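The following questions and answers work through how the elements of one protein model are arranged.

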Amino acid sequence: MWVLNYSVTQKSAADPFERLRSQEFSRLDQQGQVYLDYTGAALYPESLLHSHSAALQSSVLGNPHSNNPASLQSTQSVDAARADVLAFFNADPDEYMVVFTANASNAIKLVAESFPFQSGSSFALTADNHNSVNGIRQFAARAGAHVRYLPLDRGLGVRAVAQQLAQLDTDAPSLFAYPAQSNFSGIRHALSHVETAQRLGYSVLLDAAAYVPTSALNLRETRPDFVAISFYKMFGYPTGIGALIARRSALKRLVRPWFAGGTVDYVSTQSDLYGLSAGEAAFEDGTVNFTSAVAVRSGLAFLSSLGMDRIARYVDELSEELRGALRRLRHPGGGRKVRLYGSPDHDHGGCVAFNVLDQSGRVVPYEHVEQMACDQGISLRRGCFCNPGCAEAAFGFEKAKTEACLNQQTAGAFSPRRLAQCLETHEVGCLRVSVGVANVRSDIYRLIDFLDQL
Ligand SMILES: Cc1ncc(COP(=O)(O)O)c(C=O)c1O
């Protein structure tokens, strides 16, 4: 496997990342682009493309699960990738398994459709969640489980998690789901909620999609039942592969609603008999993405060579600088130019949500700001980022009015502007800036200069 070496001797935390930028991400500077959408997707380092191409060119990979040499090579490289994923997260292979999926959403759906929800079960989730987690409520409700959101405060944090979870019935199998890092506010919710919920009788699904690209997750210290991730969010390439990292004991409690090629040892068409395969194979529908699994190994090696703790420190430094600079932006009269969402009292990762304010303190429609940023080659993100719970709390939507306005939207014709008109506000979405290993300080200041000159 291609080995990347970014070992660092410099004193400043930033130096190796400046070097990394010119070695791996020079295309940004060649094109004059500023990429600030790391929570959307990481950028792939150039060497990852080369290492993947070299690995594929020197292998003969066939469809796995057979005994021919090409098939065995694929099986071996997929198994090696599973082992690398476990090692990367310091997971005990006796305790955890890796199921490869198409992305984090598919990892979450595997849990959603197979969790033994029933009458007497609870499905608890924070209002801060990606829609791919919110969607679990459809399976839970259909099975008769009680669905309960843990609300957010105006600072977008969740309070009294233990007390709220303790109020719910967990006599039947119950699930608690939350994001380790919010994809809206960047708030890192406490990993200790995992153990709290487990002690109260819940299985825990940790959505780590937005957390693991820039923070270390140690599965010997924090032991969720299920962890969902997408690899392109960690190192940009390849897309189309993610993972459900699950405790072996938790995976055994899931009941798959169907079977498919690759998941069964036998099926009879003369009777309704079938036998699910053992372990992760029972959850990998069809052919696993065996060519991409090769690149996952190199992607993890890339992050490991930088060191996740060092990445986390660097990204925290960059995003603190970004937050500070955004807070200092003023109109000539002294009024604030930016409204940040998410209280500074919370622990934050490298993701910031904000709106621009005009001289009179009114929110400037985020679409206008985004368009102007695009014109300057700045990639940021707009909207509510598939996280409606954070939007409702951040913008102070009133429940009854929101419900009435959503009910008025005709199917297929929803638009945030129509919702804004009905709610009589400009504040129905915002802008999101998120940073990662490809970023350097000058990116932050290109954004700040742009906002300053608006
Ligand atoms: C926190 C979080 N969870 C889940 C997802 C879904 O990831 P994917 O689209 O790769 O399935 C995202 C994507 O942005 C995310 O940020």
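Q: How are helix 16 and helix 17 oriented to each other?
A: In this predicted model, where local features need pLDDT of at least 70, side-chain atom pairs count only at pLDDT 80 or more, and totals for chains, interfaces and linings use all residues, residue numbers start from 1 along each chain as its sequence is written. The axes of helix 16 (residues 399-408) and helix 17 (residues 416-423) come within 10 Å and cross at roughly 135 degrees, the axes being lines fitted to C-alpha atoms, for helices over the stretch in contact, with angles from 0 to 180 degrees between N-to-C directions; helices (H or I, at least four residues) and strands (E, at least two) are DSSP runs numbered from the N terminus. Angles under 35 degrees count as roughly parallel, over 145 as roughly antiparallel, 65 to 115 as roughly perpendicular and the rest as oblique. Helix 16 and helix 17 are therefore oblique.

Q: Which residues of helix 17 meet helix 16?
A: Two residues are in contact if their C-beta atoms, placed from the backbone, lie within 7 Å. On the side of helix 16 the partners are Lys401, Thr402, Cys405 and Gln408, and in helix 17 they meet Leu419, Cys422 and Leu423.

Q: How many residues in the contact of helix 16 with helix 17 are nonpolar?
A: Ala, Val, Leu, Ile, Met, Phe, Trp, Tyr, Cys and Pro count as nonpolar, Asp, Glu, Lys and Arg as charged, and the others, Gly among them, as polar. By these classes the contact of helix 16 with helix 17 has one charged and two polar residues, and the nonpolar ones number four.

Q: Is the crossing of helix 3 past helix 12 left-handed or right-handed?
A: The axes of helix 3 (residues 46-57) and helix 12 (residues 290-306) come within 9 Å and cross at roughly 140 degrees, which makes helix 3 oblique to helix 12. A crossing is left-handed if the near helix is turned anticlockwise from the far one by less than a right angle, and right-handed if clockwise. For helix 3 passing helix 12, the crossing is right-handed.

Q: How many charged residues does the contact of helix 4 with helix 12 have?
A: Among the residues making this contact are Asp84 of helix 4 and Arg297 of helix 12. By class, the contact of helix 4 with helix 12 has ten nonpolar and three polar residues, and the charged ones number two.

Q: Where is His65 found?
A: Phi of His65 is near 70 degrees, a positive value in a residue other than glycine. The residue is found in the loop between helix 3 and helix 4 (69-88).

Q: Which form does the peptide bond from Tyr237 to Pro238 take, cis or trans?
A: Pro238 has its place in the loop between helix 10 (232-235) and strand 8 (242-247). With omega near 0 degrees, the peptide bond from Tyr237 to Pro238 is cis.

Q: How far apart do the C-alpha centres of domain 1 and domain 2 lie?
A: The protein is divided into domain 1 (56-304) and domain 2 (310-453), with bounds that come from an automatic or database domain assignment. Although 26 residues of domain 1 are in contact with 23 residues of domain 2, the C-alpha centres of the two domains are apart by 29 Å.
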